[in-house]
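Here are my notes from a pass through the model you sent.

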Amino acid sequence: MSAATDIQTRAADWLLERREGEWNEERQAEFDAWMEESLAHRIAYWRLDAAWGRADLLTAMRRPAFQRRAGSKRKTWPNILRAVAAAIVIGAVAGAVQWFEPGKTAEKTYVTAIGERERLTLADGSQIELNTDSQVRTEIAANQRKIWLDKGEVYFEVKHNEKKPFVVMVGDHRITDIGTKFVVRRDRNDFRVSVLEGVVRLEESRAAPKILTEGEVAVASANRTQIVRQTQQELTDAIGWQRGVLVFDHTSLAEVAAEFNRYSTAKIVIADPKTAALTIDGTFPSNNSRAFMRLAQAVLGLSVDDRGNEIVISK
Amino acid sequence: MVERSEISRDDALSRPQSGPMTASELEAWFVREVLPLEAQLVQFLRRSWRNASDIPDLLQEVYMRVCEAAQKQIPVPAKPFVFAVARNLVIDHVRREHVVSIESVSDPDAVETAAEEPGPDRSAIARDELRRLEDALDRLPPRSREAMVMKKVDGLSRKEIAQRMGVTEKTVKWHLNEAVRALADILYGPEGSA
């Protein structure tokens, strides 16, 4: 192996590692030092990075892995009690019992900024992961575990404890869980609960209790709740944010822009409805809307006007 | 006062400028002006140098010399300068090593330095680029291609790729490493433009 090939191999390792999830300040410092060490290192890295970046275009080739509509059961709940604060109770068959110090209460607030995400282990051993621009408050007491989802999207992996219900509050809505994996996403007063694993019970004051099984998603708006069944692929795609990607499947550019805008302070603005209706397939890094726009520019022939905090796109 | 956005920086780079460049300016210039010459550069080096296994090192040295010079003053246009560096490098090596005769250094002036033809429209470029990428994928070693598609197209993690391919994460790391390097060789080297 030549000296140049050695350097390229090292540069390729760095390039790949930087794109994996476990990148941290320490590794960044080591990477900076390696780049600083020699111009040859920098050149090798730039060259590979440029080639790898060009291959981003390949994401446009992603074929939909499933048909969205086919086979999806859709049940609509009638609007029984309009404007009544709905209490949703999710229950699951309990497992192991955890020991807690009686009477002890700890209140904590966790916040992620735009573009950040954070995984935490709560005092009871449950794991949560906050997506971009999210806020939760937690209160772990002797007889109850309570989480307020003030905004954003959170993944819950609840440690079973039948004696200590796990309650998620979304505004006036109340979600109680006794153990499973699920995601709650809140957009102002609308929210959705997606069950990734386990069986949960869902109660609302405006409707009869329902059992939500794995793969079912409750979509709640001001006056109704729909339950939609999603495939494993759809569920996996929807939590792509946990590995830093957004997955689109025949998604309109309007929705794509709205998704990217959750992750960036630079907001994509679509100038006209015709452009907004274009559809996108593919997997894209959630933290780089500019890279996505460059791609859209090249593939869809759109014009992009980058004004810093606003990226205006038009046909 | 000049607004320093990414766009204005690109504009600034397209005209001659003096003074030292930042690392990211040098990178942008290198990727835009020098890398596209790689295919011709490798062909030139192959014609000029008998031992094919030396080519990666010679190429690296050309890039080093070009970037060192560009740090001080950007050569405009880039192409004649890059090939002059390559020719001088080959001559230096010939003198130092007495391996090949001076006649084996082919005439670098034969490498055309004509101005760029007017470019095709944007969507045609995108289609060409996609075709080139698909072509590049086809040329990758099969296992590396498989790993790269899972990584790039499906957005899977190394762990997930390892599970799907039924190999260790370390093996996936190697396949991906090979894919990254081969991709650059294919996209920029003479094999890709063949």
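1. Start with A:Phe31, which is found in helix H2 (residues 25-37) of chain A; helices here are DSSP runs of H or I with at least four residues, strands are E runs of at least two, and both are numbered from the N terminus. A:Phe31 is buried, with a relative accessible area of 3% (buried is under 20%, exposed is over 50%, partly exposed is in between, using a 1.4 Å probe and protein chains only). Leaving out residues up to four places away in sequence, A:Phe31 touches A:Trp14, A:Arg18, A:Trp23 and A:Tyr45, where contact means heavy atoms within 4.5 Å. Of these, A:Trp14 is 17 residues away in sequence, and the two C-alpha atoms are 7.1 Å apart.

2. A word on ground rules. This is a predicted model, so to speak: local features need pLDDT of at least 70 and side-chain atom pairs count only at pLDDT 80 or more, while totals for chains, interfaces and linings use all residues. Residues are numbered from 1 along each chain as its sequence is written, chains are lettered from A and ligands numbered from 1 in the order in which they are written, and side-chain values use heavy atoms, with hydrogens and water left out.

3. How do helix H1 (residues 3-19) and helix H3 (residues 39-54) of chain A pack, and at what angle? Their axes are 9 Å apart and the angle is about 55°; axes are lines fitted to C-alpha atoms, for helices over the stretch in contact, and angles run from 0 to 180 degrees between N-to-C directions. H1(A) and H3(A) are therefore oblique to each other (under 35 degrees is roughly parallel, over 145 roughly antiparallel, 65 to 115 roughly perpendicular, and the rest oblique). The crossing of H1(A) past H3(A) is right-handed, meaning that the near helix is turned clockwise from the far one by less than a right angle, with anticlockwise being left-handed. Residues meeting here include A:Trp14, A:Leu15 and A:Arg18 from H1(A) and A:Tyr45, A:Leu48 and A:Trp52 from H3(A).

4. A:Trp52 turns up again on the chain B side. B:Lys151 sits in helix H7 (residues 142-153) of chain B and is buried, at 14% relative accessible area. Neighbours within four places in sequence aside, B:Lys151 is in contact with A:Glu20, A:Trp52, B:Leu156, B:Ile161 and B:Leu176.

5. Stay with H7(B) for its packing on helix H8 (residues 158-165) of chain B: the axes come within 10 Å and cross at roughly 130°. H7(B) and H8(B) are therefore oblique to each other, and H7(B) passes H8(B) in a right-handed crossing. B:Arg143, B:Glu146, B:Ala147, B:Met150 and B:Lys151 of H7(B) make the contact with B:Ile161, B:Arg164 and B:Met165 of H8(B).

6. Now strand S8 (residues 166-170) of chain A. Five of its five residues are buried, so S8(A) is largely enclosed by the rest of the structure. In a regular strand the side chains alternate between the two faces of the sheet. In S8(A) both faces are covered, with A:Phe166, A:Val168 and A:Val170 on one side and A:Val167 and A:Met169 on the other.

7. S19(A) and strand S20 (residues 310-314) of chain A run antiparallel with four bridges, and A:Ser303 has A:Ser314 as its bridge partner.

Notes. Two strands pair if DSSP finds at least two bridges between them.
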